Amino acid sequence: MNGGRGVHMTKVLVTGGAGFIGGNFIHHMIEKYPSYKIYNLDSLTYAGDLIKHEKFQSYSNYTFCKLDINDRKAVTELFFKEQFDFVVHFAAESHVDRSILDPGIFVQTNVLGTQILLEAAKAVSVQKFVHVSTDEVYGDLPFEPNLYFTEETPLQPNSPYSASKASSDLMVRAYHETYQLPVNITRCSNNYGPYHFPEKLIPLAITRVMEGQKVPVYGAGSNIRDWLHVQDHCAAVDLVLHEGAAGEVYNIGGHNEKSNLEVVKTIINMLGSNNDLIEFVEDRLGHDRRYAIDPSKIEALGWKPRHSFESGIAETIQWYQQNQLWWQRILSGEYRQYFERQYSFDQVNG
Ligand SMILES: Cc1cn([C@H]2C[C@H](O)[C@@H](COP(=O)(O)OP(=O)(O)O[C@H]3O[C@H](C)C(=O)[C@H](O)[C@H]3O)O2)c(=O)[nH]c1=O
């Protein structure tokens with residue numbers, strides 16, 4: 001692997017490492033693999049911040065690259081320069097409501113951006129490309145017991161967001177079938193935990209309740225999501241990166257199915273507030289009723305979630321209480337100015 005040029009440090013490129021799941025994955029990898037070199041490629045969109053990685057800025061095994069995955073030339077140059085061993089691809093537009101209002105950017109980043117990365121990964125023959133996707137590509141599950149998404153469930157995405165992710169999954173698959181690029185696709189259920197951007201249901205509810213504001217619940221609040229602690233998700237992606245068989249898909253879910261109303265009431269209750277804060281609002285267009293994952297395949301690889309929903313949500317609420325400055329600055333837009341000062345360059349640093 002090192003071609004006789006001294007000790008080779010495994011180089012891992014994490015795309016979208018300034019975001020919620022990618023950011024937690026960087027923490028996981030730096031702590032678990034001090035001998036790896038971790039690269040964080042991120043364009044710092046509205047949902048990204050580097051405050052979460054402040055303590056790593058001086059680490060010699062952490063490098064931040066301010067790059068947009070849509071920039072084919074810069075991405076290709078970076079791959080040729082660094083010769084990554086592994087790519088773990090989280091970068092994506094992820095918010096379903098935004099995709100309903102403005103689908104174009106979802107096609108651009110999630111589909112075309114993924115193809116740019118695949119091409120660069122092929123050009124330098126990476127050892128593994130893990131594409132982090134979503135259970136939403138399978139579409140809508142009825143409210144029936146013992147009915148779960150498996151890796152064989154046909155793709156039937158309903159929102160522009162999930163259609164863009166399904167399209168990128170198919171492109172990743174094609175690079176494996178056509179060029180034998182060693183890929184894995186992971187499809188996770190709804191994540192929650194530290195550094196979750198407060199546009200998503202759980203952090204939105206926590207921060208609204210903490211500020212005594214109403215929490216919007218779409219429709220009757222009966223839609224069901226299968227909640228997974230982000231650190232359990234990161235451990236599963238790490239396992240797939242190292243142990244997943246090339247070309248395979250792995251579904252990652254926590255077996256924690258809850259209706260949205262249950263989730264919001266739990267948060268209100270844990271924060272000692274009142275259900276009067278719940279405001280039923282117009283439903284999301286094309287709102288999928290239920291997502292639920294059968295995790296047998298990833299469990300057979302040796303993964304088990306560490307967090308129950310009850311302990312995970314309590315920990316998460318505590319995290320938001322202890323990190324008010326982080327989310328208040330995000331909500332006020334203060335971080336944007338910070339990034340503009342700190343990272344007003346387009347180059348690899350470190
Ligand atoms: C923001 C918001 C949401 N909701 C409902 C809509 C959903 O039924 C549920 C969760 O919504 P959220 O937007 O947090 O997440 P999903 O639409 O399920 O999608 C999320 O989980 C998957 C796996 C991804 O792949 C997405 O990237 C991720 O955003 O709460 C409300 O009732 N009120 C609100 O204010």
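Reader: How many residues surround the ligand, and which are the closest?
Author: In this predicted model, the ligand is surrounded by 22 residues. The closest are Ser94, Glu136, Tyr161, Arg284 and His287.

Reader: How many of the residues in that shell are nonpolar, polar and charged?
Author: The shell around the ligand has 8 nonpolar, 8 polar and 6 charged residues.

Reader: Which atom of the ligand lies 2.6 Å from tyrosine 161?
Author: An oxygen atom of the ligand lies at that distance from a polar side-chain atom of tyrosine 161. A polar side-chain atom of arginine 225 lies 2.9 Å from an oxygen atom of the ligand. For proline 216, a backbone N or O atom lies 2.8 Å from a nitrogen atom of the ligand.

Reader: And how much of the ligand's accessible area does the protein cover?
Author: The protein covers 94% of the 670 Å² that the ligand has on its own.

Reader: Which elements give two or more residues to the shell?
Author: Those are helix 6 (201–210) and strand 8 (215–218). Strand 8 gives the most, with 3 residues.

Reader: Turning to cavities, how many of 30 Å³ or more are there?
Author: The structure holds 2 of them. The largest has about 50 Å³ of space, and its lining includes Glu136, Arg225, Arg284 and His287. By class, that lining has 3 nonpolar, 3 polar and 4 charged residues.

Reader: What lines the second largest cavity?
Author: Its lining includes Tyr192, Trp227, Asp232 and His307, and strand 9 (residues 224–229) gives the most to it, with 3 residues. The volume of this second largest cavity is about 30 Å³.

Key
Residues numbered from 1 in each chain as written. Predicted model: local features only at pLDDT ≥ 70, side-chain atom pairs only at ≥ 80, totals over all residues. Heavy atoms only, no water. Near = heavy atom within 4 Å. Polar contact = N/O pair within 3.5 Å; in protein donor to acceptor, adjacent residues only side chain to side chain. Areas by Shrake-Rupley, 256 points an atom, 1.4 Å probe, with all protein chains shown as cover. Helix = DSSP H or I, 4+ residues; strand = E, 2+ residues; numbered from the N terminus. Nonpolar A, V, L, I, M, F, W, Y, C, P; charged D, E, K, R; others polar. 1 Å grid on protein atoms, 1.4 Å probe; cavity = no way out; pocket = protein on both sides within 12 Å on 5 of 7 lines; lining within 4 Å. Points joined across faces, edges and corners; volume = space filled by probe spheres on them.
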